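Please consider them with the sequence and the model at hand.

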Amino acid sequence: MKTFLAEIKTSVVLTLLFAVLLCGVYPLAIWAGAQALFADKANGSLVTDQAGAVRGSLLLAQSFTSDKYFQPRPSAAGTGYDATSSGGTNLGPTSQKLSDSIKAAVTTYRTANGLAADAPVPADAVTSSASGLDPHISVANAGLQSARVAKARNLPLPQVQALVTQTARDRDWGIFGEPSVNVLQLNLALDRLAAAP
Amino acid sequence: MNNPNSWFQFALYVGALLLVTKPLGLYLVQVLDARGRTWLDPVVRPVERLTYRLCGINPANEQGWIGYTFALLAFSLVGLLFTYFILRFQDHLPLNPQGLPGLTPHLAFNTAASFTTNTNWQSYSGESTMSYFSQMVALTIHNFTSAAVGIAIAAALVRGIARQTAQTIGNFWVDTVRVTYYLLVPVSVIFALFLVSQGIIQNFKPYTAAKTYEPYTIQVPKTDAAGKPVLAADGKTPVMVDQSVDTQTIVQGPMASQIAIKMLGTNGGGYVNANAAHPFENPTPLSNFFQILSIFAIPSALTYYLGRMVKNQRHGWAVWGAMFAMFVVGVLVCWKAEASGNPIHQQLGIAATDGNMEGKEVRFGIFNSALFATITTDASCGAVNSMHDSFTPLGGLVPLFNIETGEVIFGGVGAGLYGMLIFVILAVFIAGLMVGRTPEYLGKKIQAYDVKLVMLVLMVLAATILGFTAWASISTWGQAGLNNAGPHGFSEMLYAYSSAVGNNGSAFAGLTANPADGDPHWDTTLGIAMLIGRFLMIVPILALAGNLASKKLVPASAGTFKVEGLTFIVLLVGTVVLVGALTFLPGLAMGPVVEHYLMGAGKLF
């Protein structure tokens with residue numbers, strides 16, 4: 001018992017010392033380094049407009065519903081794209097609810113993009129991501145949405161398709177992950193196109 | 001699986017893992033020796049000495065197994081209380097720009113137990129529960145210390161095996177301090193900065209309100225002047241009203257510093273609810289690659305450390321080989337299942353070639369999600385980059401099975417090695433029974449006392465998982481937490497207790513363990529399960545270490561069973577799989593296996 005009490009004393013001192021070093025000095029050092037080297041990223045890769053107002057983060061999906069914008073994946077974060085409530089549906093493979101929502105999403109997607117009633121739909125377009133904030137869609141998904149967007153904006157289809165190709169991100173180093181298209185980035189590029197004379 | 005690129009990524013991962021194993025293993029030999037030398041000595045040595053002086057630790061003074069255990073328990077108890085009280089009173093502490101309230105007693109207990117035991121099960125969602133101070137201090141301290149403690153115990157057991165007629169197995173304080181200072185902190189610093197370069201945040205700003213480009217409408221429950229929900233005429237259904245949303249509140253905070261050690265220390269507790277699936281926590285496939293590499297790096301290196309310490313490198317590699325074989329099979333099964341996708345959803349029109357993308361992120365895709373899920377559950381990490389709950393039945397079976405092997409497929413830092421050594425001793429014992437001679441392990445006779453300790457560990461863990469799952473299955477509180485009906489609901493419960501006892505921390509995350517009505521059952525039972533899974537494993541293991549250390553070495557003879565080479569690997573894998581499978585097969589059959597067949601038949605719940 002005496003040894004145990006002695007060990008408790010050592011534990012308390014070591015815990016407090018660790019708290020200072022590992023929970024004070026260490027994060028502050030990373031903070032200083034991060035702000036000095038990668039300030040934009042360390043602060044959330046924020047997108048600001050010309051007036052300087054924050055409009056979102058390049059890393060986080062936000063809702064786009066109108067035809068003139070590319071639309072992100074369905075979101076289960078809070079009531080949808082709620083960045084303070086990240087998460088997926090967590091519905092399992094035999095879930096009625098999931099099956100119903102996919103069925104509805106497939107119909108909506110086909111109608112919105114003028115696809116045949118039996119056309120296969122890209123999986124990412126009708127399933128919720130893990131975070132609910134997945135900023136990307138697949139290249140196939142962006143391709144299928146291009147015609148709708150071109151029509152809504154009165155742009156030639158090849159111009160929109162070219163924009164998709166430009167925005168698409170290859171695998172990191174050509175190896176890691178999957179190719180993807182950042183929806184917010186693509187929509188901003190579209191808006192810039194419209195704003196240009 | 002038809003994409004050669006995915007195979008190439010897999011090969012690169014294995015290559016990178018092999019590449020770090022030996023150098024990191026050799027480095028561990030120095031770190032885990034009180035008189036070891038590293039190139040960090042000029043900078044770190046003074047801090048280390050100062051730490052000993054302030055804490056009254058005599059680094060030259062080694063402990064027997066009882067002393068080692070007491071120190072460990074005292075340190076864990078203090079850490080548990082430290083975290084518990086910070087979480088309870090975070091509203092009175094600094095760095096809480098969102099004004100988040102203190103946690104309820106049962107949630108604070110669950111979380112403190114979770115982080116102390118290296119589990120990092122999270123009944124809460126980080127971004128709406130934890131202040132920056134709680135994240136940075138209450139939780140991150142355990143990301144370091146629970147990892148360091150795990151490695152310390154592994155080292156103590158390895159010393160027990162390597163030494164003969166010895167009374168001591170090392171000094172707990174020295175092991176913990178040295179692992180933290182020489183290994184965890186330096187790697188975390190570099191890793192955290194790399195992660196920021198990929199897009200992880202690191203700041204102390206309040207959450208940012210962004211004015212989104214397209215406002216949209218949601219339905220929210222109507223509330224009266226007092227803030228109470230307004231109910232329809234039937235007195236039950238809440239009245240819904242439209243609300244226009246034109247802002248997105250973006251989470252901020254000191255994330256990178258926490259994520260680096262979360263992965264490296266196989267902790268796995270996310271800063272935000274979506275964990276490593278969240279684009280802030282794991283922004284790019286490149287950050288993903290290094291995060292999964294950092295999960296396995298130390299556990300893999302520890303097998304090299306084992307070989308070096310017992311002067312039988314081939315034994316170290318054999319243990320590595322057994323882990324590796326089980327890892328590869330897990331990846332292939334999970335990958336195949338997820339790539340094949342869900343026939344029910346394909347019937348609805350989803351392109352069959354896309355696989356099961358529900359609960360996965362586009363930048364990672366099927367392969368990197370399956371790989372991450374396998375690695376995070378092989379190791380007791382528990383971070384997720386996809387939602388295991390939405391995996392196909394067989395895809396979800398892999399993580400569940402991995403956890404139920406006892407987290408020995410590389411396993412948690414330290415915990416993986418000491419867990420695997422339990423199976424090694426059991427395998428040697430079984431081999432001894434088969435040839436009818438006293439089993440020996442590296443020159444130590446394995447006797448009744450040793451095998452009893454081994455069986456104690458295995459049986460307590462299995463009984464805890466199955467007992468709690470059974471209780472939850474037949475209880476109102478248990479079923480109230482479920483997000484899915486049918487066999488999948490049972491899987492959610494089985495996964496929860498497996499994860500807690502295995503100190504993994506991942507979940508079939510639809511399960512609500514901290515319900516809005518404040519029912520404490522899930523939080524409390526999971527908290528207890530985590531403490532059992534950690535400490536009822538560690539104490540017998542340290543007893544075993546002490547007992548092995550005191551034994552004499554007997555010279556190897558022609559009849560000695562060789563703990564290297566393919567025969568040994570097969571025997572070891574067989575022991576792990578049989579003990580895991582036989583204990584949990586009925587449970588798995590009632591959950592994922594039956595669900596697989598029901599999915600094939602198109603049955604929905």
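Buried means under 20% relative accessible area, exposed over 50%, and partly exposed in between. The model discussed here is predicted.

Q: Is Arg163(B) buried, partly exposed or exposed?
A: The relative accessible area of Arg163(B) is 24%.

Q: Which parts of chain B does the salt bridge between Glu338(B) and Lys360(B) tie together?
A: The closest N and O atoms of Glu338(B) and Lys360(B) are 2.5 Å apart. The two residues are 22 residues apart in sequence, so the bridge ties together helix α9 (residues 313–340) and the loop between α10 (343–347) and α11 (365–378) of chain B.

Q: Are Glu338(B) and Lys360(B) buried or exposed?
A: The two side chains form a salt bridge with each other. As to accessibility, both Glu338(B) and Lys360(B) are buried.

Q: In the salt bridge between Arg169(A) and Asp172(A), which residue is buried?
A: The side chains of Arg169(A) and Asp172(A) meet at 2.5 Å, N to O. Arg169(A) has 37% relative accessibility and is partly exposed. With a relative accessible area of 7%, the buried residue is Asp172(A).

Q: How many salt bridges are counted over all chains, and how many between chain A and chain B?
A: Between chain A and chain B the pair is Asp134(A) with Arg363(B), the closest N and O atoms being 4.0 Å apart. These two residues also belong to a network of salt bridges with Arg73(A) and Glu361(B). The count over all chains is 17, and between chain A and chain B it is 1.

Q: How many residue pairs are in polar contact across the interface of chain A and chain B?
A: The interface brings 101 residues of chain A into contact with 116 residues of chain B. About 8,800 Å² is buried between the two chains, and carbon and sulfur atoms give 65% of that area. The number of residue pairs in polar contact is 46.

Q: Which element gives the largest share of the side of chain A that touches chain B?
A: Several elements of chain A each supply at least two residues of this side, including α1 (2–37), β2 (54–57), α3 (96–112) and α7 (183–195). The largest share, 25 residues, comes from α1(A).

Q: How do the residues of the side of chain A that touches chain B divide into nonpolar, polar and charged, and what is the nonpolar count?
A: This side holds 38 polar and 12 charged residues. The nonpolar residues number 51.

Q: Which backbone oxygen lies 3.5 Å from a polar atom of the side chain of Arg55(A)?
A: Arg55(A) is in strand β2 of chain A and, at 14% relative accessibility, counts as buried. Its side chain makes a polar contact of 3.1 Å with that of Asp49(A). Leaving aside neighbours within four places in sequence, Arg55(A) is also in contact with residues of chain B, among them Ala210(B), Lys211(B) and Tyr213(B). The backbone oxygen in question is that of Thr212(B).

Q: Which residue of chain A is in contact with Ser6(B)?
A: Ser6(B) lies in helix α1 (residues 4–31) of chain B and counts as buried at 4% relative accessibility. Apart from neighbours within four places in sequence, its contacts include Trp335(B) and Phe367(B). The contact in chain A is Glu178(A).

Q: Which element gives the most to the largest nonpolar core?
A: The largest nonpolar core has 222 residues, and those touching the most other members are Leu184(B), Phe327(B), Met420(B), Tyr441(B) and Trp522(B). With 20 residues, the element that gives the most to this core is α5(B).

Definitions and conventions:
Residues numbered from 1 in each chain as written. Chains lettered and ligands numbered in written order. Predicted model: local features only at pLDDT ≥ 70, side-chain atom pairs only at ≥ 80, totals over all residues. Heavy atoms only, no water. Buried < 20%, exposed > 50% of the residue type's maximum accessible area, 1.4 Å probe, protein only. Helix = DSSP H or I, 4+ residues; strand = E, 2+ residues; numbered from the N terminus. Core = buried A, V, L, I, M, F, W, Y, C linked by side-chain atoms within 4.5 Å. Contact = heavy atoms within 4.5 Å. Buried area = accessible area lost by both parts, 1.4 Å probe. Polar contact = N/O pair within 3.5 Å; in protein donor to acceptor, adjacent residues only side chain to side chain. Nonpolar A, V, L, I, M, F, W, Y, C, P; charged D, E, K, R; others polar.
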